[in-house]
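Please look through the chain shown here with the briefing beside it.

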Amino acid sequence: MDLSVEHGCPQCGAPVSIAESDRFSFCPFCKVSNYIINPTGARYALPCGESLDQESGDLYFIPYIRFRGSVFLVSGREISHRIVDTTQLGFTDLLFPPSLGLRPQAMKLLRVSPQTSGRFLPLTIKTQSILARAANLSAMASGGDSQILHRAYIGESLSFIYMPVRQEEKNLFDAVTNSALSPVPTDTFLEERSKPFQRKWQSDFIAALCPQCGWELKGEGDCLAVPCDNCDTVWEVSAKGLQKLEWQQGESQDTMAMWLPFWKISTAIPELSIRTFADYARVTRQPSTGGRPKKEEMMSFFIPAFKVRPKVFLQTATRMTSAQNLFHPAPGGGHISRRYPANLALSEARQALKITLAASTLNKKEVYPLLPRIRFTNVCAKLVYLPFHDDGHDLIQKQSGVAIAKNVLSWGKKL
Ligand SMILES: [Zn+2]
Ligand SMILES: [Zn+2]
């Protein structure tokens, strides 16, 4: 479930409310649109209870890691996956609730800013360990004692949510509900371990204008790659700001075509001696798709750049990757409409390479034992829009026939 977040409009200060996964913020008061950039991850806090006297006691923020996304696991000869949506405690030196449960859904989160008074406790465990515990990987592994060969977390959201606590002498209170928590061992226990708001945590609001030509970029909630309709560029909303993306599009004469975005990630896999698509087809023993794998065509993975549930995600990545010699994408240009928003980040798509390789290979016996050692080199990514036609029930990719149920796409957006 998407959480609701409130922040002050950077232009006029009015309170603006958006969904947690949104990167685009429109202020209904001053009509200004911005992209929100979180250079070191998004940080939110549960709001303090209104009846509380802010002056009483010292305020501290306890970190929880919020993850929502898909977890994939390869163990033995099996691949399993599940959706994880959780908020887990990240500071374990004192007794706090292990999870925030449904609380973040029941209230509007506040974006942490320099105006947030109080001190912040650090994570005492690695995010990866928190995620592994949250996903309950041991229960996912098939056959109990099968060796875990690979795990991947494809995140739609990964953020900090702070729970405010109030300290009076050695007594500690939940600052949202005012209920008592376990006391601190010494008066200075939390003070010594915490620090004030750090500048690098601050969210940047940048104008939704094309950095190249100044044209207004159309925003859409959680869209992470935005095309400029004026100069045919595409911009990635990344932690570093708006970054120009290399992009391509497939072939279609159909004016009614739907264009779905994919991350085309070209790479070599030295461990398996894979450099070209022909190498890949040979090593993974792909059935021929009919197209002629050109000898020198670099191996590329085609990973959905949109959110869908894990089963569909992996199926689509696998089928599209195996059919890559049919697409013939060319540098993008010219106005195309009906583009489905790219709302899965490139950084997350990169996490999907190994799981896609594992899912595509028919040669499990030779490839799976190598999975832990496999590295991807010479990685180069482009955004590619490929044409699909609507047959009423499914969207069907023109050249390969890969079908994606329409209801899966809308489902993915709401996940
Ligand atoms: Zn405003
Ligand atoms: Zn432009």
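In this predicted model, Tyr35 has Ile206 in β13 as its bridge partner. Residues are numbered from 1 along each chain as its sequence is written, and chains are lettered from A and ligands numbered from 1 in the order in which they are written. Because the model is predicted, local features need pLDDT of at least 70 and side-chain atom pairs count only at pLDDT 80 or more, while totals for chains, interfaces and linings use all residues.

**The sheet around β13**
- Strand β4 (residues 33-37) and β13 run antiparallel and are joined by four bridges; strands here are DSSP runs of E with at least two residues, helices are runs of H or I with at least four, and both are numbered from the N terminus.
- Three strands form an open, antiparallel sheet in the order β3-β4-β13, where two strands pair if DSSP finds at least two bridges between them.
- Since β3 (24-26) and β13 (204-207) stand at the edges with a single partner strand each, one side of each is left without a neighbour in the sheet.
- Strands of a sheet pair through backbone hydrogen bonds, either parallel or antiparallel.

**Two helices in contact**
- Helix α6 (residues 310-322) packs against helix α8 (residues 353-360) at an angle of about 75°, with the axes 9 Å apart; axes are lines fitted to C-alpha atoms, for helices over the stretch in contact, and angles run from 0 to 180 degrees between N-to-C directions.
- The two helices α6 and α8 are therefore roughly perpendicular to each other, a term that covers angles of 65 to 115 degrees, whereas under 35 counts as roughly parallel, over 145 as roughly antiparallel and the rest as oblique.
- Among the residues that make this contact are Leu314 and Ala317 of α6 and Ile355 and Ala359 of α8, where contact requires C-beta atoms, placed from the backbone, within 7 Å.

**Two domains**
- The domain assignment gives domain 1 (41-201) and domain 2 (222-414), with bounds that come from an automatic or database assignment.
- Their C-alpha centres lie 33 Å apart, and 15 residues of domain 1 are in contact with 17 residues of domain 2.
- On the side of domain 1 that touches domain 2, β10 gives the largest share, seven residues.

Terms used:
Contact = placed C-beta atoms within 7 Å.
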